[in-house]
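Take a look at the structure below. The report that follows walks through a few of its parts, one by one.

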Amino acid sequence: MSGRGLVIGTAVVLAGLAVAVAIVTHESRPPELNPGGTLTVSDALGGGGAEGYARAVEPRPFQFPEDHGPHPEFRTEWWYWTGNLETEDGRAFGYQFTLFRSALAPEAPQRQSAWGARQVYLGHFTVSDVAAGEFHASERFSRSALELAGASARPFKVWLEDWEAASVGESTWPVRLRAETDEVALELLLEPGKPPVLQGDRGLSQKGPERGNASYYYSMTRMPSRGTVRVEGRTYAVKGESWMDREWSTSALGEDQVGWDWFSLQLSDGSELMYYQLRRKDGSADRFSSGTWVPSAGAESSAPVRVSREDIQLTVLDTWKSPRSGGVYPSRWRLRVEKLGLDLTVTPRLADQELPVSVVYWEGSVGLEGTREGEPLTGQGYVELTGYADTRPRPQGRRASDSGR
Amino acid sequence: MPPSDTPPLVELRDVTKAYAEGDTVREVLSGVQLSLHRGEFVVLLGRSGSGKSTLLNLISGIDVPTRGEVRVDGRNLGSLSERERTLLRRERVGFIFQAFNLLPTLTVEENVRLPLELNGHGAAESGAKARALLERVGLRERARSFPDRLSGGEQQRVAVARALAHAPPLLLADEPTGNLDEATGRQVLDLLEGLTRQGNACALVVTHEPALVSRADRVLSMEGGRLVEREHARREAR
Amino acid sequence: MRRLLVRSSLRHLGGHPWLTALSLLGIALGVAVVVSIDLASGSALRAFERSTDAVAGRATHQVVGGSSGLDERVYRDLRLRRDAPVSAPVVEGHVQAAVGDRRTLTVLGVDPFAEAPFRDYAKGEAVGDVGALLTEPGTVLLSARAAQSLGITSGGELPVRVEGVEKRLRVAGLLTPSDEDTARAVEALVLTDVSTAQEVLGQVGRLTRVDLRIRDEAEAQRLQAALPTGTELVRASARAGTVEQMTRAFRTNLTALSLLALVVGMFLIYNTMTFSVVQRRGLLGRLRAVGITRGELFALVLGEAAVLGAVGTVAGLLLGVLLARGLVGLVTQTFNDLYFVVSVRALALEPFTLAKGLVLGLGATLVAALVPAWEAARSAPVTTMRRSTLEDVSRSRAPRLAVLGLVVLAAGTGMLTWPTQALLPAYGGLFSVLLGSALLVPWVTERLSSVAALPLGSTFGLLGRMAARSVRTSLSRTAVALAALMVAVATTVGVGLMVSSFRGTVVSWLDTSLQADVFISPPSLVARRGGATLVPGLEERLRSTPGVAASSTLRVASARVDGVPTDLLAIDFTRTQARPYRFKEGNPETVWRELESSPDALLVSEPFSFHRRVRVGDTVRLTTDRGPHDFRVVGVYFDYGSDVGTMLMPRTTYERWFDDRGVSGVALYAAPGQDVDALVASVRERAGDSQALLVRANRSLRQASLEVFDRTFTITQVLRLLAIGVAFVGVLSALMSLQLERARELAVLRATGLTPGQLWGLVSLQTGLLGLLAGLFSVPLGMALAYVLVHVINQRSFGWTLRLAVSPETLVQAVLLALVASALAGLYPAWKMARANPALALREE
C-alpha cells in the first residue's frame, strides 16, 4: 500500500507545470525598460541649426507699421509687453504678456494637411497682484496653423488662440491686449506714447562676437495703458504705463553666455532706462551687455543715449532662493550710471515672480528710488532674470504647463 | 464471584426483532430475555441464520429491536439517538468479527490504536499501549505491517488486541475462530479469555468451538429465534 | 483519532494511483479550460481597454461627429472661444505593419502642444526629434519595444499598409515609457502629429474626435449647446463600455462552454468519489461498528475530495495559464475578425481570475462529493457485508431516481421555455437537462442491459451473458460511470452540432446574399466589418468595366445610435435590380419601395432588432452630420455577419444625411455570356496599382467568408476538443475503476479456470458494452443540448435565427469516441488481471 508513487508523480507534474508557467509568463515579459528623459515642448522650440534662416548682420531700415508684424525669415521673434498698472484707489498690478514665434524649419514642406506647420507660437502671461502678494503665471503653445496662432502687420494682430494683441480700428494704434486664464484676465488698450526706440546700433543689437549673433530690436518705452484686470473673480479698472519690446533673430546667445538680467525702468522724471547684462558661465558680465537711456519727452535732446557695460555699475544687494526650482536669483540692485548721473536702487515688488513654465525664469514688476544728478526720483519697471534655475523641469515634475485653463 | 449481586451490564427485556422480506415478515428474535454481568465469559451457540449476529447487533446498538428493551449499563438503547449509540459503542464495546476484521488502510499498530484514539487518548499514550498489547498477543514485531501481510491467525490476534485496547466492559465476538485452523483458533481464544478475565470484562462469544464451551461461565444457544440457557454447561464450568 | 482516519483515506487514494491520477487530471482539465478561456478573453479585453485608455487618456468628454469624424474647423473654433475647455484634437486609425510580424498598429495623431493635459507618453520618455513631427510629413514615434520586434531603429523607415495602399513612415524617435503599464499601452501605438495622421489615414481636413476635460455638467451642457450641427458631446467612458458590451455575448458563451467542461469534470469527481465510497463499503461499515459517527464519515469523504480538489485545481490553474497562452491568439483573432482591432502581446494574469478558478475547482469538487459523502455516512455499521443486498438497494432505487430525473428534466424544460430573454434561466435549464438525464441513466441501463444479455449471450456464450449481467448487477458503479460518460460525450455532441448548424445557416445565408459575380474591396483590418475606402474615382472606373451588366456599391460606416457606435451600410441600388436580402420582418414586396421613396427609412439586421428591441414601425435615432434624426425601421433582414447588429439604407439616403462620400466595396453583375474569370482579370487591370484591392469572384468571396466564419469558431472547436479530452479521461477513469474494483471477482474467475485471453475478452466486452451504452445515451442528450444551444442560448445571446442541422458525422464521432475510450480503458485492467496471481488478488481485502 504505497501512495508514494502518486505523491511523487503529482509533485513532479505540478513542479513541471509551474516551471512551464514561469517560462511562459517570463517569456512574455518584455525587455527591461530604461528610464529616459522627458518629452518637452521646449525641445521643439529652438532646436535645429540656423541654416536657411535670415541672420541679423548689419543695421537695416525699420519701417512701421510693417515691422510691428512678423519676420518669418528669422527663427525667433517676440512681442513683449510688460507694465505697471494701478486702480483709482492705488491698488497696484504688474503684468507681462508675451507672444513668442519660433520656427521649426526655414521652409514649410508642401503637404495636404492644413496642420502641417513650421511656426510655433508660445505665450506667457503673468499678473502680479502686489497688494495680495500673488503672482499668476501661465503658458500656452500652438502651431501656426488653422488660424490657431499667427501674426500680421496690417491690420496689426498677434494671437495665440484667444490671447491676442490687435489694432482696435483701421490704424495700428491703439492696440488692445487680451489674455485670460481661469484665475486672471487682462484687457488693456495701449496708446503708443513715445515713438519706437531702436536699440543697439540703429536697431541691430549685437549679443556676441560672432557675426550674426545679433537681433533686430526696438522698444516702445512708455505706452499709456488703461483697461481692466480680473483677479480672484473681481475685475478692477486700471491705468498705467506699458513697455513693448520687439526683437527678432536667428541666433542670439553665444557659447559662453548662460543668461541675462534685463531691466526696463520708467523713471518719474519722464525718462526710461533699458539695460541688459549678459552673464557668462563664470558669472562675469559679458562685454556685449548693453543699454539705452531715453530722455523725457520735453527734454532739449530727445536722442536716446547708448549705455555700455563700462558705463554701468550694477551691484546685487540681495538674493532670493526659489523654493520651486532651487534657483538663487538676485533680488535687489544698486544701479549707477555715472555719465547720466543716475544712482538707483531697484527692488522687486514681490519676491516670487518666477514663471514655472517650460523654461523657468524670473520676470517681475519692480519699484525704484534714487537720484538723478542729485534730484530724488522714483519709478517702476520690469526685470527679467534668466539662466538661474535649471531650465529643464525635473523628470517627475510637471512638464510644460498647459494653458492654465 | 456471584454475578447476580451487581446490576447487569447488559439486559435484554422481551426483545423481538423482525425483518420485512418482500411481503412477509420474518421474526429473527422473539421474546429474548438476557442479563450479562461483568466478569462473565459467555458462549453463544446456534446454527447459521438462527439470529446470533442480530443479537450481537442489538446489544451493540448497531440495530434496534422491533419490540422490547436493550439496556447497556442501565441505559435504554432505544431512548438514545443514533449518534449517542455510536458513542456508547465506541466507549463500551469491543468487537471481533469473523473475517475482514482489520482496516486494510492502517498498519497493525494503527489498527490497535484506533479505538484508543477514538476514545480521546493521546498519540504517545495510545502508541505505547498498542505496542504493549501487541507484545501480549505476540505480534510486537509486526506492528508496522499492513494487515494483508499477516496470516489469518495473526490477523485475529490483532483483532483481539484492538477489541480490548480501550478496555471496554463488553466484548462481542462473532465466530472469531471461524476461519482458523484448530490450533490457531485455540490460541486466539486463550488470548481472548485471558484478557477478558484479567480486565473483569464481560465477553459474549459466538462460536462452535467445543473447547470454549467447556471453559465458558455460561452457554447460551439460539434456537428458532429463542434464547436458551444450557444449565449443564454452567455447572460444568463451575 | 482524525489523524488515523486521514491517514487511512490517503492510503486508500494512494492505493489506487491510476484512478486517483485520472480524477486529478479530470479536475485539472476542467479547471484549466475554464481558467484559460477566462484569462484569454480577459487578456484580449484588457489589452483593448489599455490601448483605449492610452488613446483616450484623461479626457472626460469627447466631441464626435457623424460617420466620417468631424471637421477640423470645429476644433479651431473651440480653441478660439473665450471660455474654451481644455481640449486636444485626435485623428485615430489603424494600419498594418508591412514588416516583421505584420502586426496591426493604432495610429494616434495628436497635437503635441495640446497633449499635456490628456496623455502621459511624455512621462519618462526619451524622444528623438519632436520638431520633425510637425514639419516633416510621415514622421512618427514608435514604442521602443515595437521597434525592436519589428527590427526598426530610430530614424529608420516603417512601411505600413493602409486600406491596401502601402505608405512609408519615418520613425523620428522611440517611446520608452518608464512604467510597465504605459509601456504596454503604447506597444501597438504609432504616435504622430495630426497632420501626418490625416495624410496617412486619408482623413485630411477631418478629426476623429476632440478630447476634452470638462469640470462639471454645467460646462458640458453649455458646450453641447454651442457645438455645431452634426457634432455631439459624449462621455469618454462610453467607448470602453461599448466594447465591453459588444463582446459580452461572445464572452458569456465562451465562458458557458468552458463551464460545460467543468461540469464534465464534476461528473468525473463524482464518479471517483462514489467509487471510492462503494469500494470501501465494508471498511466504512466496520468503522461505523467500531464507533465512528456518521458526521465523521461524511467529513472524511469530503476531506478526501477536498485534497483531490486542491491538488487538481492547482494543477488546473497552472495548466490553464499554459493553455491560455495558446488560446489568447485565437481569442484575439476572433475579436479582430468580429469586433475591433486589438493586438495582444501578453497574458494578463488577473489574480481575480485565478482565485475564481480556485474557488470554482474546489467548489465543484466538494459539490460533486456531497452525494458520495452522504452515501458513506449512511453506511450501516454491519459486521458482515453482502454485496448483493447493496445492489438490490441500488436497483430498487433506480426507478425512483428515474422519476426524480424526469422531474428535473421537466423543471429544466420549464426554465428553457420560460418566456424571457435572460440567459441565466437558459443556462439553468441546460444544466438541469444534463442532471435530469444523468438521473435517468441507472434505470435505463438496467432495462437495457437485461435486454442486451440475450443477444450478447447468443453471440459470446456464457461470457457474453456475464458481461451483460455484470453491468446490471453492479449497477451502483456502472450507472455512475455511464452517467459521467454520457454527459461528457453529449457535451461534445451538443457543441459540435451547434457549430455545424451555425455554419449551415451561414452557408445558406451567403448563398442568398452573395448574388453578384465580382466583389471588390480594399483589405480591411476587421474581417467581418470592412470600412476601408476605395481610392476616390476608382469606383466609377470599376463599375464601368466592359462586360458589367449591373452593379452596386457598399459603404460600411460607423454611426451612433443613441450614442452607441453601430455599423451602417449604405448601398447604391440604382444600377441593379438585385436585392439580395431576406426579411424576418417586413414585406419584401413593399420594403424596397418604401426604403427608396422615403429619405428617413432604414432596415436593421436581426441582431440589431434583437439587442435594441426595435421592430418594424419603430424608429431609431441616428446622429447624422445634419444633427440627430429619427429613422423609421421598415424591415428586419437576416444577417449573420455581425452579432452586434447593423443598419442598412440606400446610398441616396446616406448622402443626404452624411457628408462621407467614401465607398467600401463594389459588387459587379456580369452581363449574360460574360466569363466571370475574364471579368475579374479586366477589373484587376482597370484597378491598376493605385490600391491593393481584393477582387473576388462570387465563389472565392463565399470561400473567404466561410474561412472567416470558421476562424471565429476555432476557439469553440478548441473548447470542444478540450471537452472531448475531459470526456476521454472520464471514460477511461470510470471504466478502469470499474474493472479494477472487480479484481477479486475476476481473480475468482481466473482461479476457476478462465484463461488470460478469455479474461481479456470478458473485460473488453464489459467495457465495450458500457462504452456503447454511453455513446448511445449521449446521442439524444447531445441533440437536446444542441437544440438548447442553438434555439435558446444562441438566440438569447445574439438574436440569431439558426436552423438546427444534425450532422451524422458528429453523432458517429461521439459513439466512436465512447467506444475507443472504453476499449482503451479495458486494456490496463485486463492486462493487470491476466498477469496477476489470482491467489494474491483473492487475499486482497
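Which residue in β8(A) stands opposite A:A165? A:L177 in β8(A) stands opposite A:A165.

First, some ground rules. This is a predicted model: local features need pLDDT of at least 70, side-chain atom pairs count only at pLDDT 80 or more, and totals for chains, interfaces and linings use all residues. Residues are numbered from 1 along each chain as its sequence is written, while chains are lettered from A and ligands numbered from 1 in the order in which they are written. The pLDDT is the predictor's confidence in each residue, from 0 to 100. The model scores ipTM 0.82 and pTM 0.69.

**Strands in chain A**

Helices (H or I, at least four residues) and strands (E, at least two) are DSSP runs, numbered from the N terminus. Chain A has two helices and 23 strands. Two strands pair if DSSP finds at least two bridges between them. Strands of a sheet pair through backbone hydrogen bonds, either parallel or antiparallel.

Strand β7(A) covers residues 163-167. Four bridges tie β7(A) to β6(A), residues 157-160, and the two run antiparallel. Here A:V158 has A:A165 as its bridge partner. β6(A) and β7(A) form a hairpin with two residues between them. In the turn, A:E161 has a positive phi of about 50 degrees. Four bridges also join β7(A) to β8(A), residues 175-180, again with antiparallel strands.

**A sheet in chain B**

In which order do the strands of the open sheet in chain B come? The order is β6-β7-β8-β3-β9-β10, six strands with mixed pairing. Why is one side of β6 and of β10 left without a neighbour in the sheet? β6 (93-96) and β10 (226-229) of chain B stand at the edges, each with a single partner strand, so one side of each has no neighbour there. From one strand to the next, the twist averages 20 degrees.

Inside this sheet, β7(B) (residues 170-174) and β8(B) (residues 202-206) run parallel and are joined by five bridges. B:L172 has B:L204 in β8(B) as its bridge partner. Helix α5(B), residues 152-164, lies across β6 and β7 of chain B. This helix runs at about 170 degrees to β6(B). Axes are lines fitted to C-alpha atoms, for helices over the stretch in contact, and angles run from 0 to 180 degrees between N-to-C directions.

| Strand pair | Bridges | Direction |
|---|---|---|
| β6(A) and β7(A) | four bridges | antiparallel |
| β7(A) and β8(A) | four bridges | antiparallel |
| β7(B) and β8(B) | five bridges | parallel |

**Chain C**

Chain C has 28 helices and 21 strands. A residue is buried if 20 or more other C-beta atoms lie within 10 Å of its own, exposed if 12 or fewer, and partly exposed in between, with C-beta atoms placed from the backbone. Of the 845 residues of chain C, 56% count as buried. For the 405 residues of chain A, the figure is 44%.

The mean pLDDT of chain C is 82, and 91% of its residues reach 70 or more. Over residues 122-126 of chain C, the pLDDT is below 50, yet this stretch has 20 contacts in the model beyond near neighbours in sequence. Two residues are in contact if their C-beta atoms, placed from the backbone, lie within 7 Å. Residues 384-388 of chain C also have a pLDDT below 50, with five such contacts.

Now for single elements. Helix α12(C), residues 281-290, is mostly covered: seven of its ten residues are buried. Among them are C:L283, C:L284 and C:V290. After α12(C) comes C:G291, with a positive phi near 120 degrees.

Is C:Q198 buried or exposed? C:Q198 is buried, because 27 other C-beta atoms lie within 10 Å. This residue lies in helix α8(C), residues 194-200. Leaving aside neighbours within four places in sequence, the contacts of C:Q198 include A:S113 and A:W115 in chain A and C:V91 in chain C. The C-alpha atoms of C:Q198 and C:V90 are separated by 9.7 Å, although the two are 108 residues apart along the chain.

Last, a helix pair. The axes of α11(C) (residues 248-279) and α14(C) (residues 351-378) come within 8 Å and cross at roughly 35 degrees.
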